[in-house]
Amino acid sequence: MRRTVIERFPAGGPRGSRPAEEFAAARRGEGLAAEVVMDLDQDAFLVVVPRQPADGHH
């Protein structure tokens, strides 16, 4: 599945702080299928959504 990154958060946040999860939860509240994935190469959490076809066809 192809995904689009809508936001990036550094992985080194304070213990107990989950800004990527909070951001994704807010987007889900808006109806987006947002999820958080880890980019190990960049040491960052990415909030992603499924990529929509440009022409509207599947």
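Predicted model: local features only at pLDDT ≥ 70, side-chain atom pairs only at ≥ 80, totals over all residues.

Me: Why is the contact between Glu 35 and Arg 3 called a salt bridge?
Reply: Their side chains meet with N to O at 3.6 Å. The cut-off is within 4 Å, so the pair qualifies. The pair links distant parts of the chain: Glu 35 sits in strand E2 and Arg 3 in strand E1 (residues 3-10), 32 residues apart.

Me: What makes Glu 35 partly exposed?
Reply: Its relative accessible area is 34%.

Me: How many salt bridges does the structure hold?
Reply: Two. Arg 27 also forms one with Glu 30, with the closest N and O atoms 3.0 Å apart.

Me: Why is Arg 27 called buried?
Reply: Arg 27 has 17% relative accessibility. Buried means under 20%, so Arg 27 counts as buried.

Me: Which residues form the nonpolar patch on the surface?
Reply: Met 38, Leu 40 and Phe 45, with about 300 Å² of accessible area together. Met 38 lies in strand E2 (residues 35-39). A patch residue needs over 30% relative accessible area. Met 38 has 37%, so it passes.

Me: What lines the largest pocket?
Reply: The lining includes Pro 10, Arg 18, Glu 21 and Phe 45. Its residues divide into seven nonpolar, two polar and two charged. Helix H1 (residues 19-29) gives the most, with three residues. The space is about 170 Å³.

Conventions:
Residues numbered from 1 in each chain as written. Heavy atoms only, no water. 1 Å grid on protein atoms, 1.4 Å probe; cavity = no way out; pocket = protein on both sides within 12 Å on 5 of 7 lines; lining within 4 Å. Points joined across faces, edges and corners; volume = space filled by probe spheres on them. Helix = DSSP H or I, 4+ residues; strand = E, 2+ residues; numbered from the N terminus. Nonpolar A, V, L, I, M, F, W, Y, C, P; charged D, E, K, R; others polar. Patch = residues over 30% accessible without salt bridge, like charges linked within 9 Å, V, L, I, M, F, W, Y side chains within 5 Å. Areas by Shrake-Rupley, 256 points an atom, 1.4 Å probe, with all protein chains shown as cover. Buried < 20%, exposed > 50% of the residue type's maximum accessible area, 1.4 Å probe, protein only.
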